[in-house]
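Me: I'm new to this one. Can you put it up and take me through it?

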Amino acid sequence: MTSEQSKKGYMFIVSGPSGVGKTVLCNFIVDKYKPNVVYSISTTSRKPRGGEKDGQEYNFCTATEFEKEIKENAFAEWACVHGNYYGTPRKFLVDNVNAGKHVVLNIDVQGGMKIHEQYPEAVMIFILPPSFEELEHRIRGRNMDSEESLKKRMINARKEIDCSKKYKHCLINDDLEKAKEELEKIFLSYMN
Ligand code: ADP
Ligand code: 5GP
C-alpha cells in the first residue's frame, strides 16, 4: 500500500449476476461498518421496484435526464444493463474516498472494469450463485421482475459469470451467513 492510498479509502466493487445476493451482502457490510464504509447510490433510468425509494436504493431519473448527466461527465462509469441506464455518480465516490471513507459499489461487470481501469487499487469482488437453478429461484422469490425481465437477467447471468475470472476475489453465496463472514474477511483485510 502506498502512503497516498493509506490516507484514502478503498473502493470495493461488488459484482455478480442479478439475484445472487449482492444487495443483501453489501447492506450487511455498510450497516456494520458505517460511517467509515458508505454505499455508492447509483443513478438509474429503471422504474422503482416494490418499496424502493428515490435517494435510498437508487437515484431514479428518466432516460433523458440520465443522458444529460452523461454529457456533463457526472458519472465515473455508466452502462446500459437489461435495457436501462445505470451509473455511478463521480462526485460522491471521489469525495468520500478522498475523505478516507471506504465506498461499496454494487455494479455490473462492465462498470466494475471501467472503475478498475481508472482506479487500479479498487478491490474487485465477485459473488457467484451455488447454481443457475438457485439463482432463478432467488429472482422469482424476490417477486419484483416480469417474466421478460427474468429471462434477460438469466441470459446476462451466464455472460457475467464468464467475467468472474477478471475479479481478484470470488465467493459463492450459498449459505448467507457464511457468505457474509467471507465477505467481511475480505473487507477487513483491506480496512485494517
Ligand atoms: P442482487 O442485489 O444480487 O440482485 P439481492 O440481494 O436482491 O440480489 O438478493 C436476491 C434475493 O435472494 C433476495 O430476496 C434475497 O433475500 C435472497 N438471497 C440472498 N442471498 C441468499 C442466500 N444465500 N440464500 C437464499 N436467498 C438469498
Ligand atoms: P437491479 O435492476 O437488479 O437493481 O440492477 C441490475 C444490475 O445493474 C445489477 O447487476 C447491478 O449491479 C447493476 N448496477 C447497479 N448500479 C449500477 C451502476 O451504477 N453502474 C453499473 N455499471 N451497473 C450498475
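Predicted model: local features only at pLDDT ≥ 70, side-chain atom pairs only at ≥ 80, totals over all residues.

Me: Okay, sheet first. In what order do the 4 strands of the open sheet come?

Reply: The order is β4-β3-β6-β5, and the pairing is mixed. The edges are β4, residues 59–60, and β5, residues 75–81, each of which pairs on one side only.

Me: How many bridges are there between β5 and β6?

Reply: There are 6 bridges, and the two strands pair in the antiparallel sense. Strand β6 covers residues 84–89. As an example of a bridge, Cys 80 has Tyr 85 in β6 as its partner.

Me: Which strands does helix α3 lie across?

Reply: Helix α3, residues 63–71, lies across β3, β5 and β6. Its angle to β6 is about 40 degrees.

Me: Which strands pair with it, β8 I mean?

Reply: β1 runs parallel to β8, joined by 4 bridges. Strand β9, residues 169–172, also pairs with β8 in the parallel sense, over 4 bridges. Val 14 stands opposite Ile 125 in β8, while Leu 128 stands opposite Ile 172 in β9.

Me: And helix α5, which residues are buried there?

Reply: In α5, residues 109–118, the buried ones are Val 109, Gly 111, Gly 112, Met 113 and Ile 115.

Me: What do those buried residues of α5 pack against?

Reply: They pack against strands β1, β5, β7 and β8, and against helices α4 and α7.

Me: Last topic, the helices α2 and α8. At what angle do they cross?

Reply: Helix α2, residues 22–33, and helix α8, residues 176–191, cross at roughly 55 degrees, with their axes coming within 10 Å. That angle makes α2 oblique to α8. The crossing is right-handed.

Me: Which residues of α2 and α8 meet?

Reply: From α2 they include Val 24, Leu 25, Phe 28 and Ile 29. From α8 they include Leu 176, Ala 179, Leu 183 and Phe 187.

Me: How many nonpolar, polar and charged residues are in the contact of α2 with α8?

Reply: By class, the contact has 11 nonpolar residues, 3 charged ones and no polar ones. Lys 32 in α2 is among the residues that meet α8, and Glu 184 in α8 is among those that meet α2.

Terms used:
Residues numbered from 1 in each chain as written. Chains lettered and ligands numbered in written order. Heavy atoms only, no water. Pairing = 2+ DSSP bridges. Contact = heavy atoms within 4.5 Å. Axes fitted to C-alpha atoms, helices over the stretch in contact; angles between N-to-C directions. Buried < 20%, exposed > 50% of the residue type's maximum accessible area, 1.4 Å probe, protein only. Parallel < 35°, antiparallel > 145°, perpendicular 65-115°, else oblique. Left-handed = near helix turned anticlockwise from the far one by under 90°. Nonpolar A, V, L, I, M, F, W, Y, C, P; charged D, E, K, R; others polar.
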